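Here is a walk through one protein structure, meant for someone seeing it for the first time. Keep the sequence and the 3D view side by side while reading.

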Amino acid sequence: MKKIISTVLSIAMLICVAGAFGVTAFAYNDWIYDSDYKVCGDYKYFLSETGTASIAEYTGSAKQLDIPSELDGYTVTEIEHQAFFQCNSLVSITIPDSVTLISFGGIEYCENLTSVKVPGSVEIIADYNFGGCDKLTDVELGNGITNLYTGVFHDCPSLKEITIPESVKFIAEGLFSGCDNLSSITVLSKDCELDVSVIPHTATIYGYKGSPAEEYAISENIKFVALDNSGEQGIISEGTDDTYVIGSEKGASIHCSYPIDQFSGVLMDGVEVSSDNYTLTEGSTILTFKPAYLNSLEVGKHEVTLNFVSGSVKSILTIENKAPNTPADSEKPAETEKPTTTENAAPNKPAGTNNTSPNTGANTVALGAFSATAVIGLALIALKKKYK
């Protein structure tokens, strides 16, 4: 009798604790004994009343884990309380789009976990999931999640940036408690409510003007950067060079309205461009391709995709051949004939060359030639004095 009373009191205490932590938006499955579990490979699971599977425990040692959407033919719809608790072998985990609920602490204190992908099929992420994962840096939350409860990412010191999808309507207190290096959080919803003590003061909140996210930032004295109210970021035409001529010394720039600290990479015709081939400057983001890279591209039009944490934007860059820089011979202006002077006249030929008058044998001709030469010489002397 004492054992039964003790068991009942323990269950009641657990229910009270769950209530105290705000876990009221979902119901835990009935507590069951080990003999009620079914086993499929590295998973222990049990069946719900609707005939779907809930993962109760993972016993494997995989590093990259894609949780199956079915176990023994049963659709997996839930990850139970502490199902992946302290699974230290895990480096990355992907949750299937059949799952709709991750229960209290379902994936917690996995010391080597760096990457988590949660699909939009998951509506609720309960308290303290993903907490205590010291190396967690990459979190992808699908658009479909409606609530993020208390301390979901508590004590994740490696987490630096995260995007909260538009579908999220409520963020509970302490969501990022202990995330001391969180620097950027983007709230894509215009009406998502934030509870107290949600975001560390070290972070910058990116959201929409007039939204609860901006109100929270103001009340908590946290830096806020407004996203475009239309919800569409794009290329700023002014200051954007969309044509590059082969051989130019200046590169081509693309000016984008997304904030620079959300930049995650650029694609040229769908292929990622190495960061060695471009530079980034603020205002909001100005990406400039280097000439050496542009000269390697084929002549024609190329699609450029700038990727950011909360979206991407595209532009067209045109590469043209270098235009000729010298006119054709027929188009060259005629050269002006220079006046003949003693300075530009052809020099006398050296002795021995055929530069004498023809020999006729007549003395009068020779004398006439000598007289003519003397007159010409005096004329040249006079001209030389004139032009000095």
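Met268 has Val271 in strand S22 as its bridge partner. This is a predicted model, and the pair belongs to an antiparallel pairing between S21 and S22 (residues 271-272), made over two bridges. The two strands form a hairpin with two residues between them, and in this hairpin Asp269 takes a positive phi near 55 degrees.

Strand S21 also has another partner. Covering residues 263-268, S21 is joined by five bridges to strand S25 (residues 300-308), and these two strands run antiparallel.

From strands, turn to a helix. Helix H2 spans residues 212-220, and its buried residues are Pro212, Ala213, Glu214, Tyr216 and Ala217. What do the buried residues of H2 pack against? They pack against four strands: S15 (184-187), S16 (193-194), S17 (204-208) and S18 (224-227). Just after H2 comes Asn221, which takes a positive phi of about 60 degrees.

Thr52 is found in the loop that lies between strand S2 (43-47) and strand S3 (53-58). Is Thr52 buried or exposed? Thr52 has a relative accessible area of 17%, and because the cut-off for buried is under 20%, Thr52 counts as buried. Its surroundings can be listed: setting aside neighbours within four places in sequence, Thr52 is in contact with Phe46, Leu47, Thr75 and Thr77. With one of these, Thr77, there is also a polar contact of 3.0 Å between the two side chains.

Last, step back to the whole protein. It has four helices and 26 strands. Of its 388 residues, 37% are buried. Among contacts with a separation of 6 or more, 39% are between residues 24 or more positions apart. The protein exposes about 22,400 Å², and carbon and sulfur atoms supply 52% of that area.

Conventions:
Residues are numbered from 1 along each chain as its sequence is written. This is a predicted model: local features need pLDDT of at least 70, side-chain atom pairs count only at pLDDT 80 or more; totals for chains, interfaces and linings use all residues. Side-chain values use heavy atoms; hydrogens and water are left out. Buried means under 20% relative accessible area, exposed over 50%, partly exposed in between (1.4 Å probe, protein chains only). A polar contact is a pair of N or O atoms within 3.5 Å; within protein, one must be able to donate a hydrogen and the other to accept it, and residues adjacent in sequence count only if both atoms are side-chain atoms. Contact means heavy atoms within 4.5 Å. Two strands pair if DSSP finds at least two bridges between them. Accessible areas come from the Shrake-Rupley method with a 1.4 Å probe; for residues, only the protein chains shown count as cover.
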